[in-house]
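Subject: Structure handover and notes

Hello,

The structure I promised is below, together with its sequence. My notes follow it, going from the overall picture to single residues.

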Amino acid sequence: MLIQKDIFSDYCRLVPNNCIKHCANSFATLYSSTMQMDMVRVGANLYGDVRAEKLPLKDVVSVTSEIVNIVSVKKGQTVGYDRTFTAPNNCKIAVVPLGYADGINRKLSNRYHVLVNGMCANIVGNICMDCMMINVTNIPNVYIGTEVVILGSQYGKTITLMDMAKVLSTSPYDVLLGLRKKRIEKGKLKNDIQPME
C-alpha cells in the first residue's frame, strides 16, 4: 500500500499544486493518515464493517422481506425448480418474494439461511427469479406477513454481508453491489434494502 502511495506521490510532482489529490480508499482512510492527502474515498465504509476486520464501524445494511405463502410439504416431496430439495420429513415451507433478480444469489440455494422470529430458516430448493422458499417447520408463530431477515439483525441474531460472501466465495462488495432496491406496495408487503435500526 505504501509503495503505491510513493509511486502516486512521484506522479503528483508532475501536476500543478492546486490539483486536488487523493489515494485513500475505505481501508486506507481508517488505517493510514499518510494516505489521506486532500480527500478520501470511503465507499464501502458507508455500509459498515463489510470486510469483517474489526473496524470501528457498525453494519448498517439490512435486507428484509415478509412471508407471502406457507405450504405443507410431505416427506419425499420436492421443492422448487429442478427438484433440488427433497423433504426428509413432513415440513412447512414458506415463500419469500425475493429472488435472484433482486440480488439474492442463486448459489445460496440449499446452502444458506435467513432469520425468522430470531431463528435460522434454511433456504430450500433453487432460488427463483422473484422468490425463494425457506423451511420454517421448527419455528413457532410463523404466519403470512411474518418478517424475514436476509441481511441484518433480528432478536439478537445477525447475518452480515461477510457471512453471505463466505458462502459464495466472493467479497462482501460483490454481494452488496448485486442487491437491487425493491419495494412492493401491496397490503403490508414491502421488500427494502435500508439501514438497520
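The protein has four helices and eleven strands. Please keep in mind that this is a predicted model.

Overall figures

Of the 197 residues in the protein, 42% are buried. The accessible surface amounts to about 11,600 Å², and carbon and sulfur atoms account for 53% of that.

Charged residues

The structure contains one salt bridge. The partners are R13 and D10, with their closest N and O atoms 2.3 Å apart. R13 counts as exposed because its relative accessibility is 63%. D10, with a relative accessible area of 44%, is partly exposed.

K21 is another charged residue to look at. It sits in the loop between α1 (2–12) and α2 (26–31). K21 is buried but has no salt bridge. How far away is the nearest side chain of opposite charge? That side chain belongs to D38 and is 4.6 Å from K21, whereas a salt bridge requires the nitrogen and the carboxyl oxygen to be within 4 Å. Not counting residues up to four places away in sequence, K21 touches F8, C12, V15, P16, M37, D38 and M39. D38 is therefore in contact with K21, contact being heavy atoms within 4.5 Å, without the pair forming a salt bridge.

Strand β1

Strand β1 covers residues 61–66, and six of its six residues are buried, so the strand is largely enclosed by the rest of the structure. In a regular strand the side chains alternate between the two faces of the sheet. In β1 both faces are covered: one side carries V61, V63 and S65, the other S62, T64 and E66, and all of these are buried. β1 pairs with β9 in the antiparallel sense, over four bridges. Within β9, L151 is the residue that stands opposite V63.

S109

S109 belongs to the loop between β5 (91–96) and β6 (113–116). Its relative accessibility is 8%, which means that S109 counts as buried. What does S109 contact, leaving aside its neighbours within four places in sequence? The residues are I123, G125, N126 and I127. With I127 there is also a specific atom pair: the side chain of S109 reaches the backbone nitrogen of I127 at 2.8 Å. A further distance in this part of the chain is that between the C-alpha atoms of S109 and C128, which are 9.2 Å apart, with the two residues 19 apart along the chain.

Positive phi angles

N117 has a positive phi of about 50° and is not a glycine. N117 lies in the loop between β6 and β7 (119–124), and its relative accessibility of 26% makes it partly exposed. Y155 is not a glycine either, and its phi is positive, near 50°. The loop that holds Y155 runs between β9 (147–154) and β10 (157–159). Y155 is exposed, with a relative accessible area of 68%.

Regards

Key
Residues are numbered from 1 along each chain as its sequence is written. This is a predicted model: local features need pLDDT of at least 70, side-chain atom pairs count only at pLDDT 80 or more; totals for chains, interfaces and linings use all residues. Side-chain values use heavy atoms; hydrogens and water are left out. Helices (H or I, at least four residues) and strands (E, at least two) are DSSP runs, numbered from the N terminus. Buried means under 20% relative accessible area, exposed over 50%, partly exposed in between (1.4 Å probe, protein chains only). A polar contact is a pair of N or O atoms within 3.5 Å; within protein, one must be able to donate a hydrogen and the other to accept it, and residues adjacent in sequence count only if both atoms are side-chain atoms. Two strands pair if DSSP finds at least two bridges between them. Lys and Arg count as positive and Asp and Glu as negative; His and the chain ends are not counted. Accessible areas come from the Shrake-Rupley method with a 1.4 Å probe; for residues, only the protein chains shown count as cover.
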